[in-house]
Amino acid sequence: MSEVKLDEMSWQDAKEYFSRSDIVILPVGSVEQHGPQNPLGTDYMIAYRLAAEASRRTGVAVLPPVPFGVSEHHSRFPGTVWVSEESLRSYVLDVIRALAAHGVRKVVVVNGHGGNLNALRSAAMAARREGVLVVIYQWWTLPELRSIFSEEELGHAASVETSVNLYLHPHLVKMDRAVDEKPARLPTDGLGYYPERTDDRVRSGVFGVSTTASKDKGERAFQAALEALVKLVEAVKSLEPRP
Ligand SMILES: [Zn+2]
């Protein structure tokens, strides 16, 4: 089975697809600092590759990625481009409503950036009221990753993301610039909320250990994440959304 990209179909192909299928995959990411070694587009690039591979394996159409996300906390780092939570919520909801007009009733959102989650959750609840089931998948929460990476390697721009980048697009990773940095503590840690920015905790943009990244670990992480996503898409495919 080959991947089915909505943006590569003609309207006639799309008509045919939507006549037999009511589900799509929507990748959402961010353009934000990922340490000195990783590309700014890490989050949308990984989300899109997972989504496109899952599409290839399931025959479910994949949409082009929504690149910009809720990343204001990284704003002090050059190149970070962010949108507000309200903007992302209404943009994604508009996309879902347009899809619903073509008969889509189920959307698997592949979210590449944790900061997007509040906005996506809120859009998913609103979509459900309108009869569309939107589920959200996040690759980095997968328990299997803990058997490949230590706690310090699982942070933002740390070994896990760097390794997946090394596997997917090694030419975009500058491993000679990779650093390890222990994030500073804030007085609210474990107690509540601080309107924190990345530069409150780290200077490099890396949370934890990134110098241990490898292509091999990245491949194992990506494949585990893909397996889980394929299972999820298959499960959602056969669901009948309740009105
Ligand atoms: Zn990221």
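Helix H2 is largely enclosed by the rest of the structure, because 13 of its 17 residues are buried (20 or more other C-beta atoms, placed from the backbone, lie within 10 Å of their own). What you see above is a predicted model, where local features need pLDDT of at least 70, side-chain atom pairs count only at pLDDT 80 or more, and totals for chains, interfaces and linings use all residues. Residues are numbered from 1 along each chain as its sequence is written.

Let's follow H2 along its length. This helix (a DSSP run of H or I, at least four residues, numbered from the N terminus) covers residues 42–58 and reaches 24 Å from its first C-alpha to its last, close to the 24 Å expected at 1.5 Å a residue (1.5 Å times one less than its number of residues). After H2 comes Gly59, with a positive phi near 80°.

Now look at a partner of H2. Helix H6, residues 215–237, packs against H2 at an angle of about 55°, and their axes are 9 Å apart (axes are lines fitted to C-alpha atoms over the stretch in contact, and angles run from 0 to 180 degrees between N-to-C directions). On the H2 side, Leu50, Glu53, Ala54, Arg57 and Thr58 meet residues of H6 including Leu229 and Val233 (C-beta atoms, placed from the backbone, within 7 Å).

Elsewhere, helix H3 (residues 85–101) and helix H4 (residues 117–129) pack at about 40°, with axes 8 Å apart. That angle makes H3 oblique to H4.

Methods
Helices (H or I, at least four residues) and strands (E, at least two) are DSSP runs, numbered from the N terminus. A residue is buried if 20 or more other C-beta atoms lie within 10 Å of its own, exposed if 12 or fewer, and partly exposed in between; C-beta atoms are placed from the backbone. Angles under 35 degrees count as roughly parallel, over 145 as roughly antiparallel, 65 to 115 as roughly perpendicular and the rest as oblique. Two residues are in contact if their C-beta atoms, placed from the backbone, lie within 7 Å.
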